[in-house]
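Visitor: I have a chain to look over. Please walk me through its structure.

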Amino acid sequence: KAEQEETLGNLQTQHDELQSYHNQKLQELKSVLLMEKQRFQSAATKTAKQLEQQATKDAFICLETQSHRIREENHVLREKLTAAINTNRQLSNREEQLKRQNRELQQQLDIGLTLQQVRKQKLAAHMST
């Protein structure tokens, strides 16, 4: 019976040692897993930050490109508008000149017709006497 109790004690000691060993290994694994988790989180955060910076840079470049294109387009449109305004101004001036010339010609025509009528009246009066 003493031998069984000794064996039982030895088994209990082995069990306690194995339990302690397994608990220690479990703690080591938890520690390793926690470090791996932190490392992955750190790497993911770094990658996300890099992607965010790249997206910001790409957006800035895109906006700069669009702004430059729009400025160039506005410049071309401004030149076209200025040319159209100048053409319109020239055409308006020409129209006024032609209207003035038309009025002058109409006055000359009216004077010519009036003179012709006066001559006819004088001729008719001269013939009737």
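This is a predicted model: local features need pLDDT of at least 70, side-chain atom pairs count only at pLDDT 80 or more; totals for chains, interfaces and linings use all residues.

What follows is a short exchange on fold, shape, surface and a few residues.

Visitor: What radius of gyration does the protein chain have, against a compact globule of 129 residues?
Guide: The C-alpha atoms fill a box of roughly 185 × 20 × 10 Å along the principal axes. A compact globule of 129 residues would come out near 14 Å. The protein chain has 54 Å.

Visitor: How far apart are the C-alpha atoms of Phe60 and Gln101?
Guide: Phe60 has its place in helix H1. Gln101 is 41 residues away along the chain. Their C-alpha atoms are separated by 60 Å.

Visitor: Is Phe60 buried or exposed?
Guide: The cut-off for exposed is over 50% relative accessible area. Phe60 has 51%, so Phe60 counts as exposed.

Visitor: And Glu73, which class does its relative accessible area give?
Guide: Glu73 also lies in helix H1. Buried would need under 20%, and exposed over 50%. Glu73 has 42%, which falls in between, so the class is partly exposed.

Visitor: What separates the C-alpha atoms of Glu73 and Leu113?
Guide: The two residues are 40 apart along the chain. Their C-alpha atoms are separated by 58 Å.

Visitor: How far apart are the mean positions of the positive and negative charges?
Guide: The protein chain has 20 positive and 17 negative charges. Their mean positions are 25 Å apart.

Visitor: Which ring does the charged end of Arg39 sit over?
Guide: Aromatic pairs come to zero. The charged end of Arg39 does sit over a ring, 4.8 Å from its centre. That ring belongs to Phe40.

Terms used:
Residues are numbered from 1 along each chain as its sequence is written. Side-chain values use heavy atoms; hydrogens and water are left out. Rings of Phe, Tyr and Trp (its six-membered ring) pair if their centres lie within 6.5 Å; planes under 30 degrees apart count as stacked, over 60 as edge-to-face and the rest as tilted. A charge sits over a ring if NZ of Lys or CZ of Arg is within 6 Å of the ring centre and within 35 degrees of the ring normal. Helices (H or I, at least four residues) and strands (E, at least two) are DSSP runs, numbered from the N terminus. Buried means under 20% relative accessible area, exposed over 50%, partly exposed in between (1.4 Å probe, protein chains only). The radius of gyration is taken over C-alpha atoms; the globule rule is 2.2 Å times the number of residues to the power 0.38. Lys and Arg count as positive and Asp and Glu as negative; His and the chain ends are not counted. The place of a charge is taken as NZ of Lys, CZ of Arg, CG of Asp or CD of Glu.
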